[in-house]
Amino acid sequence: MADGRAGSAHHGENLLFLTDEQLRQGIEAMFFAYRGFTADPDRILSDMAYGRAHHRAIHFINRAPGTTVNNLLNILGVTKQSLNRVLRTLIEDGLVESRVGKNDKRERHLFLTPDGRGLEQKLSDAQRARMRMAFRDAGPDAVAGFRRVLEAMMDREMRYAYTRLKDSGP
């Protein structure tokens with residue numbers, strides 16, 4: 001194959017014939033893995049009366065400092081009202097700073113404060129530890145395959161947003 005995965009061609013053909021039972025098991029594995037992946041941050045956030053929406057906002061503001069509210073709306077796929085409620089809390093609590101755009105005064109650019117970066121670090125450390133352990137146990141081929149499966153499940157717009165974020169570096 002041209003993509004350098006010639007050895008995986010036959011294996012890929014087998015994947016085309018997954019049974020409904022195998023697919024159900026995959027779906028359930030995703031549900032339980034997601035519960036594990038979010039459990040540690042959920043515990044940290046619950047002490048602060050925050051939820052997953054706060055976590056996602058903090059994560060993506062950290063990933064792209066200065067991102068606009070509209071860009072964050074597109075990434076998170078939530079309503080403006082819902083995001084504004086989350087941002088209002090994070091701003092009032094001193095975790096996020098909103099600055100008026102230099103070129104367009106209607107835009108609001110979002111940045112984490114030092115306290116916000118500290119919380120993001122704590123949340124990410126918990127998830128990185130879980131991912132590191134799982135990736136180490138699964139091995140490099142499984143890691144690459146897992147990433148390909150996740151990317152293949154993304155809608156086109158989300159894959160584009162993910163690729164832009166991924167290509168923007170650390």
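## Terms and basis

A residue is called buried when its relative accessible area is under 20%, exposed when that area is over 50%, and partly exposed in between, with a 1.4 Å probe and protein chains only. The model is a predicted one, in which local features need pLDDT of at least 70 and side-chain atom pairs count only at pLDDT 80 or more, while totals for chains, interfaces and linings use all residues. Residues are numbered from 1 along each chain as its sequence is written, and side-chain values rest on heavy atoms, with hydrogens and water left out.

Helices (H or I, at least four residues) and strands (E, at least two) are DSSP runs, numbered from the N terminus.

Asp-125 and Arg-128 both belong to helix H6, which covers residues 114-138. They are three residues apart, about one turn of the helix. The two form a salt bridge in which the closest N and O atoms are 2.8 Å apart; the term denotes a side-chain nitrogen of Lys or Arg within 4 Å of a carboxyl oxygen of Asp or Glu. Arg-128 is partly exposed at 37% relative accessibility, and Asp-125 is also partly exposed, with a relative accessible area of 38%.

## Other salt bridges

The whole structure contains eight salt bridges. One of them links the side chains of Asp-42 and Arg-52, with an N to O distance of 2.6 Å. Because Asp-42 lies in helix H2 (residues 20-46) and Arg-52 in helix H3 (residues 52-63), this pair ties together parts that are 10 residues apart in sequence. Asp-42 is partly exposed at 25% relative accessibility, and Arg-52 is partly exposed with a relative accessible area of 32%.

A further salt bridge brings together the side chains of Glu-97 and Arg-99, at 2.9 Å from N to O. Glu-97 has 34% relative accessibility and counts as partly exposed; Arg-99, at 38%, is partly exposed too.

## The sheet

Strands of a sheet pair through backbone hydrogen bonds, either parallel or antiparallel. Here, three strands form an open sheet in the order E1-E3-E2, with antiparallel pairing. Strand E1 (67-68) and strand E2 (96-100) stand at the edges with a single partner strand each, so one side of each has no neighbour in the sheet.

Two strands count as paired if DSSP finds at least two bridges between them. Five bridges join E2 to the antiparallel strand E3, residues 108-112. Glu-97 stands opposite Phe-111 in E3.

## Packing of H2 and H6

How do H2 and H6 lie against each other? Their axes are 9 Å apart and the packing angle is about 155°, where axes are lines fitted to C-alpha atoms, for helices over the stretch in contact, and angles run from 0 to 180 degrees between N-to-C directions. The two helices are therefore roughly antiparallel, a label for angles over 145 degrees.

Residues of H2 including Phe-37, Thr-38 and Pro-41 meet residues of H6 including Leu-123, Gln-127 and Met-131; contact means heavy atoms within 4.5 Å. Gln-127, in helix H6, is buried with a relative accessible area of 11%. Not counting residues up to four places away in sequence, Gln-127 touches Phe-37, Thr-38, Pro-41 and His-55.

Note on methods:
Parallel < 35°, antiparallel > 145°, perpendicular 65-115°, else oblique.
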